[in-house]
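Please look over the sequence and the model shown here before reading on. The report after it is arranged by topic.

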Protein chains: 2
Amino acid sequence: MQVSRTLDYAVRSLTYMSRRPVGRFNIKEISENQHIPLNYLAKIMRRLVNKGIVRSMVGPDGGYALRKSPAEINLREIYEAVEGELRMIDCMDKGTICVLYENCPQISVWDKLQISMVKVLQDTTLEDMLNQNTRVDVA
Amino acid sequence: MQVSRTLDYAVRSLTYMSRRPVGRFNIKEISENQHIPLNYLAKIMRRLVNKGIVRSMVGPDGGYALRKSPAEINLREIYEAVEGELRMIDCMDKGTICVLYENCPQISVWDKLQISMVKVLQDTTLEDMLNQNTRVDVA
DNA sequence: TACTTTATGGATGTATAAAGTCCAGATCAG
DNA sequence: CTGATCTGGACTTTATACATCCATAAAGTA
C-alpha cells in the first residue's frame, strides 16, 4: 500500500515541468534535476505521452511539454497513465473468479478504500501541488 | 498501491473467526476454510498474537481466539500488526534525508492520501464488515 | 547530403521484497 | 508418555519493480 517509485518519478517530473508550464524539457534535464535514472525516465515519459498528458518532439531542441495547463492535470490521470486503473486488490477486477466469492465481507472495505483514494487523487491537480508547496510536518 | 496478499489473509482469517467470536480455531481449520497456505498463515497469526489481537493456546484442543469483540477490532490495527505503520512513501519516515527536500510539492498529497486511508481503516471494524456482507458491484 | 540531437520501442538484466516452505523445540491435555 | 498444536527461526522460491542497453526513427542544422 505504497506509492511506487515509478509514480513518484512521474509526479516529480510533471511538477518540475509545471514550474515553466509552456516550456520544453528534454529527458536529460529532468533526469538530472530530479535525480531519476535517465533511461528509466524515458520509459515513464512514453506512457505520459501515450496518455496525452505531455507531447514530445524529436530532434535537436526537442523534448517534452505539457499538453494541458497544470490546473487541468490531476493525479488520477497520472496514476492511471503509469500504473493502469487503481485497484486495491486483484479480485476487484471484473471477470475474476474467487472461491470465496459467496461470503466475502472484506470486498466492500477495499472498495471503500479505493473510492476514497481515487477521490483524493482526482481532486488534486499539479497546480494544487505547486501552491501547497510547503512541506507538511510528518512527525 | 494495493492490498498485500498477507493483509488479505489476515483480514479473511479474522472475519472468519468473527463469525464465532468466542470460539477457538486451529490453524488447520482457518487455512482450509480460507484457502491460505498453512505455514504462511502460522507466521501471520504470530503477528496478530504479538499485537494482542488474538491469543493462542498450545497443545491438543489449542488454537487461536479473538482477544476482543469484533466490534472492538478495527482494520487499522490489523494493518499495523501485519505491515507496520502505514506510510505512503518512504521519505515520510522521520529521519529520512532527501536531496529534494527543499521544494517538494508532492509530499503533502501523499500525506493527505495516507490520512484518508488510515481514517477508512480505523473506522471499519470486523463487525462492520460482517454486517456489510453483501458484495459490492465492482463493475 | 551528411551530421547531430533527441525521442522511441523492445529486449534484456538485476535487485528486492513478498510469498511460501521447513523443521526442531516448547507446551499442554489426556 | 503420546499426540496435537503453536513457536521462532532459517531458508527457498517467485514475482515484479526497477533499471539498463541498443538499434532505429525523426527532425533540425549546415
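## Basis of the report

This is a predicted model, in which local features need pLDDT of at least 70 and side-chain atom pairs count only at pLDDT 80 or more, while totals for chains, interfaces and linings use all residues. Residues are numbered from 1 along each chain as its sequence is written, and chains are lettered from A and ligands numbered from 1 in the order in which they are written.

## Chain A

Chain A contains 6 helices and 2 strands; helices (H or I, at least four residues) and strands (E, at least two) are DSSP runs, numbered from the N terminus. Read from the N terminus, the order of elements in chain A is α-α-α-β-β-α-α-α. The C-alpha trace of chain A spans about 60 × 35 × 25 Å along its principal axes.

Chain A has 139 residues, of which 33% count as buried. A residue is buried if 20 or more other C-beta atoms, placed from the backbone, lie within 10 Å of its own. Among contacts in chain A with a separation of 6 or more, 63% join residues 24 or more positions apart. Two residues are in contact if their C-beta atoms, placed from the backbone, lie within 7 Å.

## Pairing of chains A and B

In the interface, 38 residues of chain A are in contact with 38 residues of chain B. On the side of chain A that touches chain B, helix 1, helix 5 (107-122) and helix 6 (126-131) of chain A each give two or more residues, and helix 5 of chain A gives the most, with 10 residues. This side of chain A divides into 22 nonpolar, 10 polar and 6 charged residues. Here Ala, Val, Leu, Ile, Met, Phe, Trp, Tyr, Cys and Pro count as nonpolar, Asp, Glu, Lys and Arg as charged, and the others, Gly among them, as polar. The copies meet through the same surface, because 100% of the interface residues of chain A are also interface residues in chain B.

## A helix contact in chain B

The axes of helix 4 (residues 75-83) and helix 5 (residues 107-122) of chain B come within 6 Å and cross at roughly 115°. That makes helix 4 of chain B roughly perpendicular to helix 5 of chain B, a label used for angles of 65 to 115 degrees. Axes are lines fitted to C-alpha atoms, for helices over the stretch in contact, and angles run from 0 to 180 degrees between N-to-C directions.

In this contact, B:Leu75, B:Arg76 and B:Tyr79 of helix 4 meet B:Val118, B:Leu121 and B:Gln122 of helix 5. The residues of the contact divide into 4 nonpolar, 1 polar and 1 charged.

## Surroundings of the DNA

DNA strand C is surrounded by 24 residues, the closest being A:Asn26, A:Ser56, B:Arg5, B:Pro37 and B:Gly59. A residue is near a strand if its C-beta atom, placed from the backbone, lies within 6 Å of it. Helix 3 of chain A supplies the largest share of this surface, 4 residues.

Around DNA strand D there are 25 residues, and A:Arg5, A:Pro37, A:Gly59, B:Asn26 and B:Ser56 come nearest. Helix 3 of chain B gives the most to the surface near DNA strand D, with 4 residues.

How values were computed
A residue is buried if 20 or more other C-beta atoms lie within 10 Å of its own, exposed if 12 or fewer, and partly exposed in between; C-beta atoms are placed from the backbone. Angles under 35 degrees count as roughly parallel, over 145 as roughly antiparallel, 65 to 115 as roughly perpendicular and the rest as oblique.
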